[in-house]
Amino acid sequence: GGPVNRISVSDDQTFFVSASDDGTSRVFELMSVADSGGDMRSRLTYHGHDETARVNNCTILKNTHSVATGCSKGTVHVWRVDTTTSQQTNQTKRTRVSGQSLVRSVDPGEGEVMALSQFYTSSASVVTYATQRGTIHTLDLRTAREPFALRLFPETGSVTDIQIGADQNWLVAGTRGGFMSLFDLRYHNCVKLWRHGRSSPIKRLSAVLGAGASGASSRPLVFAGCDGDETALFDLASGGCLQCYRVLDQSLTYVDRSALPKSSLSIPQLEDVAIPSKQSSRLVPSYDLMRRSRPQTGYSVNAVVGNINAQGSSFLLTGSDSQVRCWNLNSTSKSCCVSGLSLNQPPPSFEQVKVGGNSRLILCRQPSAPPSNLVEGSKLPQYRRQGVVGCDKGHTDSILDLKIAKAPAVVLSASRDNTVKLWA
């Protein structure tokens, strides 16, 4: 095995697929969760990519059992998971994974495949993928011709993630340089370019419709996971930050709010970058890029999953601190840490801070675990501490992806510790 970079769940909730550093994609049956006894085994392993490559991304195409995977060698494979259905009882049927077959393979020759997504309408189903050279390519399985391609400015840095709006009218690409490029998919051009005010790398993106947040059903609202253990909901049409979720450094856990650093209580800002009229024109002076570039600080948010509606936001965040946190915008008392707390570590506390305007800020204070000599149990004699010890159910390394399955209702987390875990 190897670090698990991405996971994807089929629309019919039959199975989910993982993408790993060992060059494989594994298929797991969701119906086998109840019978697994806590240790699930993959039903099928796809070895189609080069054995020395890392599979960086995977996505199951909407309303199908076809899977698109992209690897570090620059190839994109679309392959189909074959299934069979058997009658279990008079009322229930069970679908089992039975095999796999390659549908299409492409190699644009532009370095690693950095991100994958899908453009889907009633008349088209197009795989979109971003390469190391900064081009977003498209793949239509019905034709050999590429429908269209989008190009990022090289000064923005390598692509980290791409997301397509639920209305299929726009696409946003985040980069390591802290830029977010907004494309109009109807005209295939870049209409807005933003840069994070702290030049924080954009680690992960999650697009939402946002009807409840803005009153407009198709505004480009995007959650952006960044370093500093911070996630923000941005309106990419105006550049405004609507919500911010931030985990404070443990050294600030017991500091009064009035004494917190200004950076802990501020809302992140986006800077509008002028788009040159010609693609060949320099976007930002090189000296500015060097001046603004900053090393990563603290933990980062690697995955965001959830929803936003008329009642507010409720979603899960996770990152390099190996913890999964559930945030509730309407009631901070319902926010919690799902997994990742060490033995005897106190639970976190969440508080909402008034920042003025329409923006909302929620802080998480996570106390560190007390020294072992201060824990009562450590004072027991050795013979009293013998016996069955419960296993640590959390991940031991950075969590790289999260997904929600509906049947059964579980949260899936993929980690650098080579495992995928399910949380009920």
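Predicted model: local features only at pLDDT ≥ 70, side-chain atom pairs only at ≥ 80, totals over all residues.
Local features need pLDDT of at least 70 and side-chain atom pairs count only at pLDDT 80 or more, while totals for chains, interfaces and linings use all residues. Residues are numbered from 1 along each chain as its sequence is written, and side-chain values use heavy atoms, without hydrogens and water.

Q: What is the average pLDDT of the protein chain?
A: pLDDT is the predictor's confidence in each residue, from 0 to 100. In the chain, 86% of the residues score at least 70. The average is 87.

Q: How many contacts beyond four places in sequence does the model have for residues 387–391?
A: Contact means heavy atoms within 4.5 Å. The pLDDT of residues 387–391 stays under 50.

Q: Is Gln168 buried or exposed?
A: Buried means under 20% relative accessible area, exposed over 50%, and partly exposed in between (1.4 Å probe, protein chains only). Gln168 has a relative accessible area of 15%, so this residue is buried.

Q: Which residue's backbone nitrogen does the side chain of Gln168 reach at 2.7 Å?
A: Leaving aside neighbours within four places in sequence, Gln168 is in contact with residues including Gln118, Phe119 and Leu185. The backbone nitrogen reached at 2.7 Å belongs to Tyr120.

Q: How many residues of the lining of the largest pocket are charged?
A: Asp, Glu, Lys and Arg count as charged; Ala, Val, Leu, Ile, Met, Phe, Trp, Tyr, Cys and Pro as nonpolar; the others, Gly among them, as polar. The lining has 18 nonpolar and twelve polar residues. The charged ones number eight.

Terms used: Polar contact = N/O pair within 3.5 Å; in protein donor to acceptor, adjacent residues only side chain to side chain.
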